[in-house]
Amino acid sequence: MSVEVTMNEVTKELLKEVSDYKGEFKGAFNIREDGQCVGRQNSENIKIESKEDGSGIEVHIAPDTQGERVYIPACITRSKVSDLVYNDFFVGDGADVIIIAGCGIHTDNEGEAKHNGIHRFFLGKGSHVLYQEKHLGKGRRLDAFRRIDPVTDAVLSEDSCLEMDTVQLGGVDSTVRKTTAKLEKGARLLVRERIMTDGEDRAETDFYVEMNGEDSAVDLVSRSVAKGDSYQEFKSVIVGNEKCKGHSECDAILVGNGRVKALPALEAANLDAELVHEAAIGKIAGEQIIKLKTLGLTEEEAEEKIISGFLK
């Protein structure tokens with residue numbers, strides 16, 4: 001079943017940046033605008049249904065589905081909107097798909113605009129999901145407050161794999177990003193997080209992962225830049241309850257008066273649990289700036305070049 005897409009121009013512009021929208025989505029999609037569904041389409045193997053209580057959607061991906069994409073962007077185009085949605089994803093055994101979940105907030109007036117997407121993933125045996133999430137704030141910032149608080153909860157069955165590629169590179173005043181996961185035998189969780197804050201922005205990341213199955217593995221990598229007077233906090237807890245491998249890495253660059261706190265933690269409950277964490281916080285090396293300036297860049301251009309490469 002398809003629903004006609006009727007969205008405003010601000011939403012269309014936001015979609016181009018958070019979900020690579022090019023006038024249409026090919027495949028299954030569900031588009032939210034200011035707390036309401038404005039368009040939905042299913043594919044042969046991916047079905048999107050509203051929850052009975054109206055609080056969100058259920059996405060059902062058939063077993064052995066290969067190469068398909070499902071888009072679930074959410075956009076807020078004005079202040080004084082608070083959007084809370086619960087989305088569940090049921091991924092069949094052997095499926096291999098891409099889920100794209102961008103969120104954009106555009107405000108020009110005073111007041112708070114808030115989106116909170118609570119996503120639960122249930123991956124079947126041998127399935128693979130690439131989950132891409134990009135957050136963006138736009139518009140005038142005077143007297144406006146943009147808040148995005150995503151929650152991700154994942155259950156990975158035997159030999160399944162969830163790759164999370166999450167990006168937030170500006171315009172969001174406050175964000176608290178919480179991710180929890182439980183891994184069964186042979187399951188893998190790979191996370192790549194990139195965050196940039198500026199001004200008075202505040203960003204918190206909170207990971208909690210349990211490896212409950214033999215030969216399960218997790219690799220969490222967070223790269224961030226804190227500019228202006230912004231503050232970031234990175235927390236991660238990796239628990240190894242079986243023979244497993246876990247790695248957590250937090251790399252942060254400070255610019256101006258930016259502040260970063262890193263709190264990685266490991267908990268091993270099995271002799272064969274191999275757990276490692278790394279954390280590094282510092283400023284841009286002066287020799288990097290000098291090298292780029294010899295190539296004709298100004299100091300500001302050199303700084304931006306280095307930051308761009310760091311956050312790729």
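Me: Helices (H or I, at least four residues) and strands (E, at least two) are DSSP runs, numbered from the N terminus. Where is Asp-143 found?

Reply: This is a predicted model: local features need pLDDT of at least 70, side-chain atom pairs count only at pLDDT 80 or more, and totals for chains, interfaces and linings use all residues. Residues are numbered from 1 along each chain as its sequence is written, and side-chain values use heavy atoms, with hydrogens and water left out. Asp-143 is found in the loop between β12 and β13 (144-148).

Me: Is Asp-143 buried or exposed?

Reply: Buried means under 20% relative accessible area, exposed over 50%, and partly exposed in between (1.4 Å probe, protein chains only). The relative accessible area of Asp-143 is 53%, so this residue is exposed.

Me: Which residues is Asp-143 in contact with, leaving aside neighbours within four places in sequence?

Reply: Contact means heavy atoms within 4.5 Å. Lys-261 is 118 residues apart from Asp-143 along the chain, and their C-alpha atoms are separated by 27 Å. The contacts of Asp-143 are Asn-109, Glu-110 and Gly-111.

Me: How do Lys-80 and Asp-159 count, buried, partly exposed or exposed?

Reply: Lys-80 lies in the loop between β7 and β8 (81-91), and Asp-159 in the loop between β14 (151-156) and β15 (161-168). Phi of Lys-80 is near 60°, a positive value in a residue other than glycine; phi of Asp-159 is also near 60°. At 64% relative accessible area, Lys-80 is exposed. At 47%, Asp-159 is partly exposed.

Me: Which residues does Ser-174 touch, not counting those up to four places away in sequence?

Reply: Ser-174 lies in strand β16 (residues 174-183). Its relative accessible area is 10%, so Ser-174 is buried. Ser-174 touches Phe-145, Arg-146, Arg-147, Ile-148, Asp-149 and Arg-202.

Me: What separates the C-alpha atoms of Met-211 and Glu-242?

Reply: Met-211 is part of strand β18 (residues 202-211). With 0% relative accessibility, Met-211 counts as buried. Glu-242 is 31 residues apart from Met-211 along the chain, and the C-alpha separation is 6.7 Å.

Me: Which residues touch the most other members of the largest nonpolar core?

Reply: A nonpolar core is a set of buried Ala, Val, Leu, Ile, Met, Phe, Trp, Tyr and Cys residues joined through side-chain atoms within 4.5 Å. Beyond four places in sequence, Leu-189 touches residues including Leu-156, Leu-162, Met-164 and Val-209. The largest core has 38 residues, and those touching the most other members are Leu-162 and Leu-189.

Me: Why do the buried residues of α1 lie on the same side, and what arc do they cover?

Reply: In helix α1 (residues 9-19), Thr-11, Leu-14, Leu-15, Val-18 and Ser-19 are buried. The arc is that of the directions from the helix axis to the C-beta atoms. These residues are on the same side of α1 because their arc around the axis is only 110°.

Me: At roughly what angle do α2 and α3 cross?

Reply: Axes are lines fitted to C-alpha atoms, for helices over the stretch in contact, and angles run from 0 to 180 degrees between N-to-C directions. Residues in contact include Gln-288 and Ile-289 in α2, and Glu-299 and Ala-302 in α3. The axes of α2 (residues 286-293) and α3 (residues 299-310) come within 9 Å and cross at roughly 115°.
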